[in-house]
Amino acid sequence: MTLTHSDAASKKCDMTDLDSATRDFFDGIFEEVLASAPPSVRDLIETLPVVVEDHPDESIQQELGINADEICGLHSGVPLTERSVEDSGVLPDVVYLYRLGIISAANDKMTEEEKNS
């Protein structure tokens, strides 16, 4: 698996950019999760590029009609169910993971659990 980290420096979402300490903390946990995944899961994602960014760029947010903290990830490519041996010249699949969306979802989950306890 190819893992790429992006600091979202070229994006214009100052209010949603994460500081380096939060980014480093998130990335450390992410690396631990990947390392502890079962071998069968690691084998499945071994050849899939994974790009970790603070949030999607503005064009993706506009296209999907969402805010930066409302999406945890995005697959870019052809779904397995729609692939053909005749496919050629298509860009490779990429999975984008968005720190802000994942952190926001985790905070929402923690808040919900606190309310229920």
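Visitor: Is Asp 93 buried or exposed?
Guide: Asp 93 counts as buried because its relative accessibility is 14%; buried means under 20% relative accessible area, exposed over 50%, and partly exposed in between (1.4 Å probe, protein chains only). This is a predicted model, in which local features need pLDDT of at least 70, side-chain atom pairs count only at pLDDT 80 or more, and totals for chains, interfaces and linings use all residues. Residues are numbered from 1 along each chain as its sequence is written, and side-chain values use heavy atoms, with hydrogens and water left out.

Visitor: Which side chain meets Asp 93 in a salt bridge?
Guide: Arg 83 does, at 1.8 Å, N to O. A salt bridge is a side-chain nitrogen of Lys or Arg within 4 Å of a carboxyl oxygen of Asp or Glu. Arg 83 counts as partly exposed, because its relative accessibility is 41%.

Visitor: How many salt bridges are found in the whole structure?
Guide: The search finds four. Arg 23, Asp 27, Asp 54 and Arg 99 are linked in a network of them.

Visitor: What does Arg 99 pair with there?
Guide: One partner is Asp 27, at 3.0 Å, N to O. Asp 27 lies in helix 1 and Arg 99 in helix 4, so the pair ties together parts that are 72 residues apart in sequence. Helices (H or I, at least four residues) and strands (E, at least two) are DSSP runs, numbered from the N terminus. Arg 99 also forms a salt bridge with Asp 54, with the closest N and O atoms 2.8 Å apart. Both Asp 54 and Arg 99 are buried.

Visitor: At what angle do the axes of helix 1 and helix 4 cross?
Guide: The axes cross at roughly 80 degrees and come within 11 Å. Axes are lines fitted to C-alpha atoms, for helices over the stretch in contact, and angles run from 0 to 180 degrees between N-to-C directions. The two helices are therefore roughly perpendicular to each other; angles under 35 degrees count as roughly parallel, over 145 as roughly antiparallel, 65 to 115 as roughly perpendicular and the rest as oblique.

Visitor: Which residues of helix 1 meet helix 4?
Guide: Thr 22, Arg 23, Phe 26 and Asp 27 meet Arg 99, Ile 102 and Ile 103 of helix 4; contact means heavy atoms within 4.5 Å.

Visitor: Changing topic, where is Tyr 98?
Guide: Tyr 98 is in strand 4, residues 94-98. At 0% relative accessibility, Tyr 98 counts as buried. Its contacts include Glu 53, Asp 54 and His 55.

Technical notes
Lists of a residue's contacts leave out its neighbours within four places in sequence.
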